[in-house]
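Have the structure open as you read.

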Amino acid sequence: MDKVIWIVNHYASHLEERHLNLALNFAKNGYKTVVITSSFNHGTHEYLFDDDYRIVQRAPNVIFVYLKSKPVYFNNGLK
């Protein structure tokens, strides 16, 4: 069975490198890494993708899953 690590962070997009580098290091050590994030760019206040979700393979064993979330929120709850 493959070892899989899920990283869930609504700010983790392909526009920043921290989560990608973390996932790449996990992949070097034999883990498949799935980064689950929002498709909303908090810097520009625009969606990166209009789809409800989009799956992007960033590197071997590194997958980003972008979920369409509500753009305006007042706390870091599940909404």
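## The core

Which residues make up the largest nonpolar core? Keep in mind that this is a predicted model. The core has eleven residues in all: I7, A12, L20, A23, A27, V35, F49, A59, V62, F64 and Y66. Helix α1 (18–28) and strand β6 each supply at least two residues of this core. As a rule, nonpolar side chains in soluble globular proteins tend to be buried together.

Leaving out residues up to four places away in sequence, F49 touches S39, R54, V56 and Y66.

## Aromatic rings

The model's aromatic pairs come to four. Take F40 and Y47: their ring centres are 5.3 Å apart and their planes sit at 70°, so this pair is edge-to-face. F40 is buried, with a relative accessible area of 5%, while Y47 is partly exposed at 26%.

## Lysines over rings

Y47 also has a charge over its ring: K68 lies over the face of Y47, at 4.8 Å from the ring centre. Likewise, K3 lies over the face of Y31, at 5.2 Å from the ring centre.

Now look at the loop between β5 (53–59) and β6 (62–67), where you'll find N61. Most residues other than glycine have a negative phi. N61 isn't a glycine, yet its phi is positive, about 65°. N61 counts as partly exposed because its relative accessibility is 39%, between the 20% and 50% cut-offs.

Notes
Residues are numbered from 1 along each chain as its sequence is written. This is a predicted model: local features need pLDDT of at least 70, side-chain atom pairs count only at pLDDT 80 or more; totals for chains, interfaces and linings use all residues. Side-chain values use heavy atoms; hydrogens and water are left out. Helices (H or I, at least four residues) and strands (E, at least two) are DSSP runs, numbered from the N terminus. Buried means under 20% relative accessible area, exposed over 50%, partly exposed in between (1.4 Å probe, protein chains only). A nonpolar core is a set of buried Ala, Val, Leu, Ile, Met, Phe, Trp, Tyr and Cys residues joined through side-chain atoms within 4.5 Å. Contact means heavy atoms within 4.5 Å. Rings of Phe, Tyr and Trp (its six-membered ring) pair if their centres lie within 6.5 Å; planes under 30 degrees apart count as stacked, over 60 as edge-to-face and the rest as tilted. A charge sits over a ring if NZ of Lys or CZ of Arg is within 6 Å of the ring centre and within 35 degrees of the ring normal.
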